[in-house]
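Dear colleague,

Please find below the sequence and structure that I am handing over to you. My findings follow directly after it.

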Amino acid sequence: MSTPHNSAEKGQIAKTVLMPGDPRRSRFIAETFLEAPVLVNDVRGVQGYTGTWQGKPVTVMASGMGMPSIGIYSYELFKEYDVENIIRVGTSGSYIPQLKIFDVVLASGSYSDSSYARVQNGDTAQIQYASESLNEKIRKSAEQQGIALYEGIIHSSDVFYSEREDYRKEAIEVQHCCCVEMESFALFHNAKVLGKNAACLLTISDSFVAPEITTPEEREKKFTDMMKIALGAV
């Protein structure tokens with residue numbers, strides 16, 4: 001069985017999937033951390049690998065950028081491939097001075113003015129929440145590995161380049177979001193709709209409050225703390 005976006009057969013994808021946005025980061029995680037990783041999907045260059053981590057089956061598959069993209073891939077993984085848990089491992093821009101480059105954030109929920117949930121099934125909630133049971137496993141993994149974890153509501157945006165000066169005002173001043181990315185709102189919504197578990201770990205890659213930024217190579221290969229935390233929660 002395959003879908004228009006995934007060439008894997010049923011059974012080739014593990015119950016737990018780590019989902020970076022970047023296909024190169026998917027390959028890096030698989031080659032760096034998994035034992036005997038096998039490429040199970042490469043449709044549109046969205047690489048998915050299945051291997052084992054400390055004897056447990058794990059799949060790492062990219063989501064692409066934005067809610068429509070992760071919306072498609074996560075929905076199919078949950079519904080067509082019987083995946084139970086998806087942990088997004090992505091990048092984010094900091095909204096607050098406390099969050100520095102390379103810090104790791106665990107999303108308790110995701111605020112967005114996106115129409116994704118409303119169009120998908122009529123859900124008008126502007127905050128979609130992570131699975132608490134999965135978040136608790138992530139907290140324990142971080143604690144056991146001695147990796148600091150900042151937790152809070154994050155902003156999930158439909159737009160990367162906005163012409164509006166006040167575009168982030170609601171997220172920062174009203175919802176008190178600590179950082180921004182572009183995928184978790186759709187992921188959390190799909191998990192809620194389908195009765196599955198979803199979480200989001202982010203590494204701060206740039207900042208809206210300080211002149212800090214990472215390179216494309218660093219984004220691909222050096223955000224390993226969140227990867228270790230996610231794998232420890234499997």
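I begin with Ser7, which touches Ser2, Val40, Asn41, Asp42 and Val43, leaving aside residues up to four places away in sequence. Please bear in mind throughout that this is a predicted model.

Ser7 lies in the segment before β1, the strand that covers residues 16-19. One of its contacts, Asn41, is 34 residues away along the chain, yet the C-alpha atoms of Ser7 and Asn41 are separated by 5.2 Å. The relative accessible area of Ser7 is 37%, so this residue is classed as partly exposed, a term that applies between the limits of 20% and 50%.

As to the cysteines, a search of the whole structure returned 0 disulfides. Cys178 is in no disulfide, and the nearest cysteine sulfur, at 3.8 Å, belongs to Cys179.

The next element to report is helix α6, residues 184-194. Of its 11 residues, 8 are buried, so the helix is largely enclosed by the rest of the structure. The buried residues are Ser184, Phe185, Ala186, Leu187, Phe188, His189, Asn190 and Ala191. After α6 comes Gly195, which has a positive phi near 70 degrees.

Finally, I looked at how two helices meet. A packed pair of helices is described by the angle between the two axes and the distance between them. Helix α1 (residues 23-33) and helix α8 (residues 224-232) have axes that come within 12 Å and cross at roughly 65 degrees. The crossing of α1 and α8 is right-handed. On the α1 side, the residues in contact are Arg25, Phe28, Ile29 and Phe33; on the α8 side, they are Thr224, Met226, Met227, Lys228 and Leu231. Sorted by class, this contact comprises 6 nonpolar, 1 polar and 2 charged residues.

With kind regards

Note on methods. Residues numbered from 1 in each chain as written. Predicted model: local features only at pLDDT ≥ 70, side-chain atom pairs only at ≥ 80, totals over all residues. Heavy atoms only, no water. Helix = DSSP H or I, 4+ residues; strand = E, 2+ residues; numbered from the N terminus. Buried < 20%, exposed > 50% of the residue type's maximum accessible area, 1.4 Å probe, protein only. Contact = heavy atoms within 4.5 Å. Disulfide = S-S within 2.5 Å. Axes fitted to C-alpha atoms, helices over the stretch in contact; angles between N-to-C directions. Left-handed = near helix turned anticlockwise from the far one by under 90°. Nonpolar A, V, L, I, M, F, W, Y, C, P; charged D, E, K, R; others polar.
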